[in-house]
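The sequence and structure are shown first.

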Amino acid sequence: MKPHTLAALRKMLSKRLTEEDLFEITFHTQGIKDNPAKQALYSLLFDEDKRVSNNAAWVFTHFDLHSNQWLYPRQHELTDEVMRTPDDTKRRLLLTILLRQPFHPADIRTDFLDFCLKHMLLTSEPTAVRVLCMKLAYEQCKFFPDLLTELRAGLEVMEPALLPAALKTARRNLLKKL
């Protein structure tokens, strides 16, 4: 089935995706130009069905870097969804998408920066979400020395001996950059 329509895409995304399904959907939807299939896929990011929305996000994480540019103008909508979703998987996938986007000093959202600074420290968050929040906090803070100081303080509060390997590595790498 070629996923050219919203109904066809929704049907494919409502089941467990195989690698072949993932590549087929990506093939039909990626590219920097607008097309109905890509727009349909994007609308399914906000679907009420958890599997559909998570699978749509998963497909977007497989867009090549050139095709990912199509998402740049939608950064604020994606950011809102990251902060709104209760689903850890969707949050992780959306944070992955956002990490592939540029941040500009004039467009930094304090609510999202606060979200990242808070969630990188929350032990209740999955490790991958915490690592992505750390990296995204840096991407937003790097333009402002006072915010870099705040980020450094947050990273230094984390006790390395108590961190999983991925967090320990991300923390160490960010402290080197600072």
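## Confidence of the model

The model is predicted, and the protein chain has a mean pLDDT of 93, with 98% of its residues at 70 or more. Within the chain, confidence is highest in helix α7 (residues 88-99), where the mean is 98, and lowest in helix α5 (residues 65-68), where the mean is 88.

## The cavity and its lining

The structure contains one cavity of 30 Å³ or more, and the volume of the largest cavity is about 40 Å³. Its lining is formed by Gln75, His76, Thr79, Phe103, Asp107, Arg109, Phe112 and Gln140.

Helix α6 (residues 75-84) supplies three residues, the largest share of the lining of this cavity. Sorted by class, the lining residues are two nonpolar, four polar and two charged.

## Packing of α9 against α11

Two packed helices are described by the angle between their axes and the distance between the axes. For helix α9 (residues 127-141) and helix α11 (residues 165-177), that angle is about 10 degrees and the axes lie 9 Å apart. Because angles under 35 degrees count as roughly parallel, α9 is roughly parallel to α11.

On the α9 side, the residues that meet α11 are Thr127, Arg130, Val131, Met134, Lys135 and Tyr138, and their counterparts in α11 are Ala166, Leu167, Ala170, Arg171, Leu174 and Lys177. Taken by class, the contact of α9 with α11 comprises seven nonpolar, one polar and four charged residues.

## Glu139 in its surroundings

Glu139 also belongs to helix α9. When residues up to four places away in sequence are not counted, Glu139 touches Leu99 and Phe103, and Phe103 is also one of the residues that line the largest cavity. Between Glu139 and Ala165 the separation is 26 residues in sequence and, from C-alpha to C-alpha, 21 Å in space.

Definitions and conventions:
Residues numbered from 1 in each chain as written. Predicted model: local features only at pLDDT ≥ 70, side-chain atom pairs only at ≥ 80, totals over all residues. Heavy atoms only, no water. pLDDT = per-residue confidence, 0-100. Helix = DSSP H or I, 4+ residues; strand = E, 2+ residues; numbered from the N terminus. 1 Å grid on protein atoms, 1.4 Å probe; cavity = no way out; pocket = protein on both sides within 12 Å on 5 of 7 lines; lining within 4 Å. Points joined across faces, edges and corners; volume = space filled by probe spheres on them. Nonpolar A, V, L, I, M, F, W, Y, C, P; charged D, E, K, R; others polar. Axes fitted to C-alpha atoms, helices over the stretch in contact; angles between N-to-C directions. Parallel < 35°, antiparallel > 145°, perpendicular 65-115°, else oblique. Contact = heavy atoms within 4.5 Å.
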